[in-house]
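Trainee: Could you take me through one part of this model in detail? I would like to look closely at the packing of helices and at what surrounds it.

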Amino acid sequence: NYMNTKHPFDDFGINLFDEHVMKERLPHPVYTKWETATRKEDALDRPTADAIAHAMKTWAMEKGATHFTHWFQPMTGSTAEKHDSFVEPGEYGQPISRFSGKSLIKGEGDASSFPSGGLRATFEARGYTYWDCTSPAFIRDNVLCIPTIFVSYNGETLDKKAPLLKSIEAVSKQATRIVNSFKDKDVKRVMPMVGLEQEYFLIDKELYRNRMDLLHAGRTLFGSMSPKGNGISKHYFGSIPTRVDAFMQEVDKELWKLGIYAKTEHNEAAPCQFEIAPLYADANIAVDQNQIIMDMLKKTADKHGFACLLNEKPFEHVNGSGKHNNWSLVCDDGQNLLEPGDRPHENIRFLLFVCAVIEAVDTYPELLRMASSCYGNDYRLGADEAPPAIISICMGSYLEEILTRLEKGDDELEIEVNTTPFEIGNLAYIPKDTSDRNRTSPFAFTGNKFEFRMVGSSRSAATTNIVLNTIVADVLCKIADELAPLKYIEDIRNHSLAICKRILRKHNRILFSKDGYSEEWIKEAEKRGLANINSYVHSIDSLIDDKAVAMFERNNVYNYNELTARTNILYDEVIKDIKIEAMVLLDISKKVLLPALVKEIKFYSDALNSLDRRNAFFERKIDRLTSLLDQFDVRYHEFKEAFMKRKNYSDIKEKAFYMNDRLVKQMQELRNVIDAIEESISAENYPVPTYEQLFTSVN
């Protein structure tokens with residue numbers, strides 16, 4: 001009986017057409033051609049594509065799939081798909097299944113229906129999807145999903161995957177050059193590896209449906225603080241509620257079927273907040289998997305009577321949600337270039353790559369601020385375990401001391417660190433890390449990788465990794481050019497140390513390991529000349545800064561037209577996000593909250609009129625409520641008038657700045673009055689679920 005018992009991992013990867021399945025189902029020459037194509041050593045010919053398509057179709061239909069789709073990631077930030085069935089008419093009109101190499105490699109969608117930022121006119125509708133053969137196909141809901149890029153008729157990139165693949169190629173090429181310079185000639189590729197921690201909220205679906213702001217805007221636009229907030233730390237890493245545990249188990253099982261190593265899950269710091277983290281994968285696969293994870297969370301939540309909130313700050317006063325982007329560089333033979341080893345002061349190659357990252361981050365902090373964020377992330381950054389908007393790097397005390405000595409030209413880089421194992425109970429060996437972790441750092445070295453903590457939970461991780469890969473590639477290219485003429489390893493090592501010293505002396509301002517929340521750091525950062533961009537909208541133009549354009553074009557990731565288009569899309573996205581919030585707040589204020597306040601005033605007025613004498617309590621209460629009514633009336637009409645003035649701005653950038661800098665401020669002022677009204681109205685008369693009800697809805 002035991003031998004017949006189904007193991008929880010028996011279904012791992014059963015819905016993934018990965019290299020193991022391909023090796024089993026494809027003739028060896030076909031598999032070999034696919035392998036060389038993924039390494040960009042050869043191109044796939046039509047017969048090879050036909051053979052792969054036939055094997056893919058047969059496998060998918062055996063698993064119940066009836067349709068296929070080119071699964072792509074347009075500049076909406078989410079995914080898109082158009083389903084086509086395998087069925088076609090046979091020679092005599094009978095239905096047969098067919099899937100050709102042409103259908104596998106190329107599809108067509110309506111490019112004018114997706115954001116293009118001006119790259120495509122409305123009447124220019126043709127757009128193409130092309131198979132990304134480096135990312136495995138998978139089955140979801142009886143549909144074979146084929147990861148693809150999306151480009152226009154003229155070849156402009158209209159998605160996030162194509163530039164991501166280009167950025168991966170750029171950093172791989174330059175990192176490989178440096179590794180080869182250190183006489184490691186067998187390394188052919190260096191892949192950026194990414195681990196994405198995904199935070200999210202769960203609330204009861206019925207309560208969610210009764211909050212118009214959550215339903216349409218993804219975050220609460222009003223709501224006074226609940227007694228259960230961040231201050232109650234029992235939730236963090238606490239026992240997972242039974243309903244949530246059942247939800248998590250189903251998410252895990254479905255992700256495992258897709259070959260996604262869903263590894264870690266736990267309660268996060270805020271009430272109703274949770275986290276899921278898969279194991280590392282190469283950057284392209286990791287971004288694809290994160291898109292699948294976000295979709296899986298939302299769909300599975302719905303099945304379990306929850307709503308999954310991926311907004312960066314759905315609730316004021318408690319933690320927001322991030323998507324921590326853990327990034328490293330790994331050779332095709334498994335070497336992690338950001339692994340310091342037991343003696344990092346002697347690991348010159350490691351120090352060189354670390355210094356390259358330091359230069360890249362200090363040179364393009366505005367780009368990283370843009371790439372990690374969105375309008376919603378502005379509400380999260382700078383508090384409640386989210387890093388501040390100022391970009392800095394925390395290397396940890398041990399490595400920072402080594403870098404400081406290197407910068408000063410100190411020949412003695414070895415330092416004594418107390419790593420004496422802890423003595424705990426009867427455990428023989430509890431190793432101690434060489435440094436602590438800094439939760440307030442936006443960009444921290446955490447052992448053998450950099451953790452970029454600024455990324456917003458709702459964002460596609462593609463843009464973050466496009467920027468990170470490309471800025472590092474650009475610095476690595478300069479370093480590789482310097483090392484190229486050198487023949488002897490000792491000269492290479494000495495010159496590498498000289499490069500590290502030069503970088504550290506120029507870019508050490510970016511290093512900071514203390515409290516990123518402190519007022520002292522804000523002042524210190526200003527002295528150092530570090531950018532403090534509090535609003536995401538003010539970082540968007542960093543994409544078309546001359547320095548950035550030249551950098552992207554040098555590395556063949558974006559051209560000027562593609563960058564300009566993306567700034568237009570981002571400004572338009574900000575405008576639409578704020579417009580939705582404004583319309584929702586105006587609508588719910590007039591139709592729901594105002595009548596509730598009037599009802600409360602009437603309740604106390606009727607109570608007072610029923611008495612045959614004056615009553616100080618009732619009079620004070622009525623005065624307070626009518627005062628709030630007057631404040632509400634003023635703030636509501638000021639906000640409405642400001643909202644209408646957005647139409648005066650025809651320029652998309654000017655409109656985005658107006659809505660972000662003026663309208664959002666007035667929206668907050670109206671919210672302050674609404675929150676005061678909530679605190680003054682009885683539970684019987686308050687018509688929408690409160691924070692307290694939402695926060696206790698998953699138990």
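Mentor: Happy to; we will go from the helix contacts to the cysteines, then to the cores and a few backbone details.

This is a predicted model, in which local features need pLDDT of at least 70 and side-chain atom pairs count only at pLDDT 80 or more, while totals for chains, interfaces and linings use all residues. Residues are numbered from 1 along each chain as its sequence is written, and side-chain values use heavy atoms, with hydrogens and water left out.

Let's start with helix α10 (residues 348-363) and helix α12 (residues 397-407), which pack at an angle of about 90° with their axes 12 Å apart. Helices here are DSSP runs (H or I, at least four residues) and strands are E runs of at least two, numbered from the N terminus. Axes are lines fitted to C-alpha atoms, for helices over the stretch in contact, and angles run from 0 to 180 degrees between N-to-C directions. The angle therefore makes α10 roughly perpendicular to α12; that label covers 65 to 115 degrees, with under 35 roughly parallel, over 145 roughly antiparallel and the rest oblique. On the α10 side, the contact (heavy atoms within 4.5 Å) is made by Phe-350, Leu-351, Val-354, Cys-355 and Ile-358, and on the α12 side by Leu-399, Ile-402, Leu-403 and Leu-406. Nonpolar takes in Ala, Val, Leu, Ile, Met, Phe, Trp, Tyr, Cys and Pro, charged takes in Asp, Glu, Lys and Arg, and the others, Gly among them, are polar.

Now follow α12 to its contact with helix α14 (residues 489-507), where the angle is about 100° and the axes are 8 Å apart. Again, α12 is roughly perpendicular to α14. Here Leu-403, Leu-406 and Glu-407 of α12 meet Leu-497, Cys-500, Lys-501, Leu-504 and Arg-505 of α14. This contact divides into five nonpolar, no polar and three charged residues.

Next, the cysteines. With a disulfide taken as a pair of cysteine sulfur atoms within 2.5 Å, the count comes to zero. Cys-500 is in no disulfide, and the nearest cysteine sulfur, in Cys-355, is 3.7 Å away. Cys-500 is also buried, at a relative accessible area of 0%, where buried means under 20%, exposed over 50% and partly exposed in between (1.4 Å probe, protein chains only). For Cys-308, the closest cysteine sulfur is that of Cys-272, at 12 Å, too far for a bond. Cys-308 is buried too, with a relative accessible area of 6%.

What about the cores? A nonpolar core is a set of buried Ala, Val, Leu, Ile, Met, Phe, Trp, Tyr and Cys residues joined through side-chain atoms within 4.5 Å. The largest has 137 residues, among which Leu-367 and Phe-552 touch the most other members. Helix α17 (residues 560-609) gives this core its largest share, 18 residues. Beyond four places in sequence, the contacts of Leu-367 include Val-467, Ile-471, Met-551 and Phe-552.

Finally, two backbone details. Asn-142 has a positive phi, near 60°, though not a glycine, and sits in the loop between β8 (137-140) and β9 (143-152). His-317 likewise has a positive phi, of about 80°, in the loop between β14 (306-309) and β15 (323-331).
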